[in-house]
Amino acid sequence: MSETDTPKLDFIREIIADDLASGKHATTITRFPPEPNGYLHIGHAKAICLSFGIAEENAATGAKCHLRFDDTNPEKEETEYVDSIKEDVKWLGFDWGEDLYFASDYFEYFHDCAVALIEKGLAYVDRQTPEQIKETRGNLKVPGTASPSRDASAAENLELFAKMRAGDFKEGEAVLRAKIDMASPNMVLRDPVIYRVMHADHHRTGDAWCIYPMYDFAHPLEDAKELVTHSLCTLEFEIHRPFYEWVIENCPVAGKPRQIEFSRLSLNYTVMSKRKLLTLVKDGKVQAWDDPRMPTLSGLRRRGYPAAAIRSFCKGLGITKFKGITDIALLEHEVRGHLNEDAPRRMAVLDPLKLVITNFEEGQCEEVPVPNHPGKEEMGERTVALTRELWIERSDFMEEPPRKFFRLGPDRYVRLRGGYIVKCTGFEKDDSGKVTEVHCEFLPGTIGESPPEGVKCKAAIHWVSASEGREAEVRLYDRLFSVEDPDGAEDGYESVLNPDSLEVVSAWVEPSLADVGSEWVCQFERVGYFVTDRRDHVAGEKLVFNRTVALRDSWGGKK
């Protein structure tokens, strides 16, 4: 594609563009309608980016996207979830402005629409038990059986519905059903329940109501009341669309929204069910909803995933009707790309081994300049204290190194990052044979200079001053599940939790990291990308770093 070509629109944006061009709509109103019964996850991010993104793209026409809470089930909804959802949407980079709505504000409106259906003979109160209703719906090969109450008069149904609202029935004793077609090949249209009795306090309305609308009934009414033009939802709602349109057609509503379905985001090594994620939290398998191993937006944020990387990832997926599983490595690749571009570099040693520069004087300290980003001079440089005793990674020394090992070993040379070239002159072991200390001599005049003639130095290693460095807790997070399809595990998804999804190590970090605040992102050179924990990190007191992602994907060997 040349620079002058116009990118091809996805099928939803084509529909919207045609509607605007034809004059069917003067502007576009979309909505993101989460139920506040859990935290948002990466799957929701695709829907958020789509609906809010379309509003941004059509801002010149006055387009907007509503944030609406579908809080019609008081048994599962909490104010905590409402607050977390608002925070996550804003963190992702979107703003609903003044268009924040709650389904619970429409309870009287829902009730009036239900009464209107009863008056038209299109709804009736059914006193059958839930089991009887289920049995008489039939199946794909057998038509349903009409309820004994199906042909009751409007007056009788209005009286019974009023008793439902008044609290005269216990839960399960009466429901209101739409009167559509018990023989429909679409099971959704076989007189679906649209209201049920629930004696439970609502997080916003308290005990004002004891009847609540079903989602399939409330959802189209909400869209219509808010004059939504395009109601975008995932493919599992495609079979529900005929009922959505039936509700709009038969209720006294102002708008005529159009429901359009697209494929949802599914990732391997992940579960997206809020019910399953809640179980992990309640069972103590993870710390909380924002545990950095969770696919929740708050978890990804705490792990250090940039919001921009998530938006870019969702944009790259495209919008289609094709079901499929996306490799989580694509998301991790997007995160690496963003962090590689912007994250400053720092040094940290996660598996410390003492290195002593024997020709340094006791107490000697040199401040050596180290660039903050090797590819961005504008990010400047910092000075790091180089002292007689240092910490290096244990993996950077081998007592008997193989030929292609270019780091430290007896009589071998290596460059200290930003500092001198040093030569290994010896090492010490404990009684178990474990190396406890490496001895080296530095080569004067080698800071920023090529190795002297005859010196083979092919690698540079990171390090931290033993006297000037700071101790830190480093949390090495990995994928929460050990198999690609946790939902398909024979013994359940909890049986395939990755036992190595979290390793906590005591590390040494360079002094400049002592005072950084929470959610501060950097690359630990040669190790990976890390972020200070937004819950537990306390600058100057308790340093806690979470691994966001390794420098490269090393999961392939673990499959």
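**Fold, helix packing and buried sites in the predicted model**

At a relative accessibility of 12%, Phe442 counts as buried, where buried denotes under 20% relative accessible area, exposed over 50% and partly exposed the range in between (1.4 Å probe, protein chains only). The structure is a predicted model, for which local features need pLDDT of at least 70 and side-chain atom pairs count only at pLDDT 80 or more, whereas totals for chains, interfaces and linings use all residues. Residues are numbered from 1 along each chain as its sequence is written, and side-chain values use heavy atoms, with hydrogens and water left out.

Phe442 belongs to strand S18 (residues 435-443); helices (H or I, at least four residues) and strands (E, at least two) are DSSP runs numbered from the N terminus. Contacts, defined as heavy atoms within 4.5 Å, link Phe442 to Ile357, Asn359, Phe360, Tyr420, Ile421 and Val422, residues up to four places away in sequence not being counted. The C-alpha atom of Phe442 is separated by 9.5 Å from that of Leu416, 26 residues apart along the chain.

The chain contains 12 helices and 25 strands. Its radius of gyration is 31 Å, well over the 24 Å that the globule rule gives for 559 residues, so the chain is more spread out than a compact globule. This radius is taken over C-alpha atoms, and the globule rule is 2.2 Å times the number of residues to the power 0.38. Along the principal axes, the C-alpha atoms fill a box of roughly 100 × 60 × 45 Å. Of the 559 residues, 53% are buried. Among contacts between residues at least 6 apart in sequence, 71% join residues at least 24 apart. The chain exposes about 25800 Å², of which carbon and sulfur atoms supply 47%; accessible areas come from the Shrake-Rupley method with a 1.4 Å probe, and for residues only the protein chains shown count as cover.

Helix H2 (residues 42-57) packs against helix H11 (residues 307-317) at an angle of about 75°, with the axes 9 Å apart. The two helices are therefore roughly perpendicular to each other. The contact involves Ile42, Ala45, Lys46 and Cys49 of H2 together with Ile310, Arg311 and Cys314 of H11. These residues comprise five nonpolar, no polar and two charged. Axes are lines fitted to C-alpha atoms, for helices over the stretch in contact, and angles run from 0 to 180 degrees between N-to-C directions. Angles under 35 degrees count as roughly parallel, over 145 as roughly antiparallel, 65 to 115 as roughly perpendicular and the rest as oblique.

Helix H7 (residues 215-225) is largely enclosed by the rest of the structure, because eight of its 11 residues are buried. The buried residues of H7 include Phe217, His219, Leu221, Glu222 and Asp223. H7 is followed by Leu227, whose phi is positive, near 60°.

Two loop residues were also examined. Pro292 lies in the loop between helix H9 (274-282) and helix H10 (297-303) and is buried, with a relative accessible area of 1%. Beyond residues up to four places away in sequence, Pro292 touches Gly299, Arg302, Arg303, Tyr477 and Asn546. The C-alpha atoms of Pro292 and Leu502 are 9.5 Å apart, although 210 residues separate the pair along the chain. Asn73 occupies the loop between strand S2 (64-69) and helix H3 (79-92) and counts as buried at 13% relative accessibility. With the same exclusion of sequence neighbours up to four places away, Asn73 touches Glu35, Arg196 and Met198.

Note on methods: Ala, Val, Leu, Ile, Met, Phe, Trp, Tyr, Cys and Pro count as nonpolar, Asp, Glu, Lys and Arg as charged, and the others, Gly among them, as polar.
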